[in-house]
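Visitor: I'd like to learn how to read a model like this one. Could we go through it feature by feature?

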Amino acid sequence: MSQPTIESILQEQRLFSPPTDLAAQAEIKSLAEYEQLYAQAEADPQAFWAELAEKELEWFEKWDTVLDWQPPFAKWFVGGKLNITYNCLDRHLKTWRRNKAALIWEGEPGDSRTLTYAQLHREVCQAANVLKQLGVSKGDRVGIYMPMVPEAAIAMLACARIGAPHTVVFGGFSAEAVKDRLNDAEAKLVITADGGFRKDKAVPLKAAVDQALANNGAPSVQNVLVVQRTQADITMENGRDHWWHELIATASADCPPEPMDSEDMLFILYTSGTTGRPKGVVHTTGGYNLYTHMTCKWAFDLKDTDVYWCTADVGWITGHSYIVYGPLSNGATSLMYEGAPRTSNPGCFWDVVEKYGVNIFYTAPTAIRAFIKLGNQHPQARDLSSLRVLGTVGEPINPEAWIWYQQVIGGGQCPIIDTWWQTETGGFMITPLPGATPTKPGSATRPFPGILADVVDLDGNPVADNDGGYLVIRHPWPSMMRTVYGDDDRFRRTYWEHIPPKDGNYVYFAGDGVRRDEDGYFWIMGRVDDVINVSGHRLGTMEIESALVSHPAVAEAAVVGRPDDLKGEDVCAFVTLEHTHSPNDDLKTELKQHVVNEIGAIARPGEIRFADALPKTRSGKIIRRFLRNLASGEDIAGDASTMEDQSVLEKLRQGS
């Protein structure tokens with residue numbers, strides 16, 4: 001792993017102060033107030049988080065110990081008892097929020113639903129009782145493979161209600177990916193739908209679950225619960241498959257929340273790694289509840305009157321933390337949208353903003369770049385004056401897109417909340433606070449209070465301002481992942497052993513290159529491992545390579561990321577063929593579709609290059625940095641003396 005460099009890193013000097021009117025009404029009103037909070041948390045992190053936990057959440061029993069830190073394993077609020085759905089639902093029923101909109105849902109065909117907190121509570125309790133009826137009990141894992149419909153959030157909350165950890169699989173993943181995740185989690189039940197709507201098409205989902213379970217493919221699964229969405233003609237296996245609406249109709253709405261230990265597992269969420277097997281990131285109850293609550297409240301300056309819209313899918317951590325758990329814990333109105341900008345309505349996002357008077361809008365830089373390409377006429381044809389705060393998530397945002405977002409969507413009046421965080425962190429780690437932090441286009445700015453972030457070299461030594469280094473976190477935080485499901489050793493190796501501990505002080509290795517400028521602002525430079533960030537979604541190169549090699553025509557494959565104006569990064573695959581096959585365009589198309597079938601559409605290679613051989617060391621290791629150079633159209637950089645065959649690079653260069 002080489003030291004990150006800063007040659008291509010943004011040297012952005014523009015500074016945007018928080019709008020005066022917004023700052024005056026904000027929860028945290030000034031940079032001085034932020035700095036005071038940050039200093040307080042740095043001086044005594046345990047006291048800082050304990051005070052917030054007591055003030056912001058309701059507990060059935062108070063904890064005995066704030067933090068039990070046995071590096072690299074942390075336990076927060078040890079001995080405390082709570083249920084995250086009580087904090088997201090029940091406590092709001094005692095207030096005026098009972099009849100306030102909790103979820104607003106807009107379907108792509110134009111249908112919509114609004115659920116008040118009282119209505120959402122009722123449906124969650126009914127769904128929880130259905131899960132019990134189907135044999136799910138505390139500790140059982142439940143797979144969720146759903147479109148963006150209210151039942152997706154209801155299913156998650158129903159699982160949490162009874163203490164059954166959920167593992168949500170993004171609806172764009174293939175049957176094979178679903179099977180792998182169900183098996184790793186040993187899920188007892190799967191909740192899915194006949195399909196969903198996206199870009200004017202009905203996308204099938206139940207069929208993928210059937211394929212995943214075929215031939216006893218996931219033997220732990222006993223039942224499948226199916227939501228009717230598209231009215232598609234699907235197969236229902238007698239005794240195994242059950243219609244959601246039929247069982248909900250007779251289910252009791254009385255389901256007391258299961259008292260959960262603060263450290264009881266809340267969910268497993270799979271994220272790509274550098275090996276072929278995805279990592280099951282484990283999050284627990286108390287610390288995750290607190291941290292998503294606080295980051296949602298402070299980073300978005302969330303108000304009771306706000307309509308808040310995060311455009312992510314609940315299949316990703318962003319949907320978990322900032323569509324479901326964070327907003328609902330705060331008693332906010334969270335908007336869910338099923339669809340996406342499409343040929344028939346490229347301005348559909350702005351229709352939704354105008355229709356519901358959205359105040360806070362949180363989306364990905366990939367989406368923003370797509371909006372730019374679609375043209376200013378679409379947002380300019382809608383009334384976006386309700387917007388107060390704009391956010392970005394998933395990858396660094398380039399300054400040009402940042403400025404467009406701020407000017408065209410925000411009318412020059414909305415602060416841009418550029419958030420850096422990961423599936424593993426559970427919530428925002430580095431982010432502006434809209435009333436407090438002056439922003440620089442392209443920078444995630446400064447760490448959230450309580451997050452002790454630093455930039456170091458491979459030996460763990462701090463680097464100078466504006467020098468490239470590795471992003472690390474020096475102290476545990478409440479929503480940090482607890483382990484990789486079923487693999488403590490992988491957790492230790494992946495996150496805690498790249499940078500050696502100094503004087504027994506372990507640091508969390510984020511896997512991102514970063515620089516910190518003279519103002520203490522962090523500039524994320526991208527991944528330093530073999531993970532490709534496509535449209536904000538992390539894909540392991542090994543997963544895609546494994547998919548390609550599983551095709552009978554492929555002898556070997558190496559996958560790298562290349563810069564892409566729309567997606568941030570795109571997948572470029574270098575493929576050598578079995579001697580019985582010849583390279584041609586039809587085979588390229590076939591291989592791209594094969595990857596889609598094995599992993600999902602998000603992993604489709606943007607480019608496949610056939611090669612007679614791949615650049616390797618004498619020990620047989622593929623030298624991917626040279627392939628990245630080729631994919632990006634750059635000159636080959638670095639020492640090639642370790643290569644087994646120097647002619648391979650020249651042949652690849654001639655074929656590019």
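Visitor: Which residues of α3 are buried?

Guide: Start with the general idea. An α-helix has 3.6 residues a turn, so residues three or four places apart point the same way. In α3, the buried residues are P45, F48, W49, A50, L52, A53 and E56.

Visitor: And what covers the buried residues of α3?

Guide: The cover includes helices α2 (31-43), α4 (84-93) and α10 (286-299), along with strands β1 (65-70) and β2 (73-78).

Visitor: How far can I trust the prediction?

Guide: Check the confidence values before reading details. Mean pLDDT is 92 for the protein, with 95% of residues at 70 or more. Over residues 2-10, though, pLDDT is below 50, and that stretch has 29 contacts in the model beyond near neighbours in sequence.

Visitor: Now the core. Which residues have the most contacts inside the largest nonpolar core?

Guide: L120, I191 and Y325 do, in a core of 125 residues. Helix α6 (residues 150-162) supplies the largest share of this core, ten residues. Apart from it there's another core, with 43 residues, including A177, L591, I602 and I608.

Visitor: What does L120 touch?

Guide: Leaving out residues up to four places away in sequence, L120 touches L89, A102, L103, L115, I154, L157 and L328.

Visitor: How should I read the salt bridges?

Guide: The structure holds 40 salt bridges. One of them joins K62 and E54, with the closest N and O atoms 3.3 Å apart. K62 counts as partly exposed because its relative accessibility is 48%.

Visitor: Are R562 and D570 buried or exposed?

Guide: Both are buried, and R562 forms a salt bridge with D570, the closest N and O atoms being 3.8 Å apart. Elsewhere, salt bridges with shared partners join K206, D210, E237, R240 and D241 into one network.

How values were computed: Residues are numbered from 1 along each chain as its sequence is written. This is a predicted model: local features need pLDDT of at least 70, side-chain atom pairs count only at pLDDT 80 or more; totals for chains, interfaces and linings use all residues. Side-chain values use heavy atoms; hydrogens and water are left out. pLDDT is the predictor's confidence in each residue, from 0 to 100. Contact means heavy atoms within 4.5 Å. Buried means under 20% relative accessible area, exposed over 50%, partly exposed in between (1.4 Å probe, protein chains only). Helices (H or I, at least four residues) and strands (E, at least two) are DSSP runs, numbered from the N terminus. A nonpolar core is a set of buried Ala, Val, Leu, Ile, Met, Phe, Trp, Tyr and Cys residues joined through side-chain atoms within 4.5 Å. A salt bridge is a side-chain nitrogen of Lys or Arg within 4 Å of a carboxyl oxygen of Asp or Glu.
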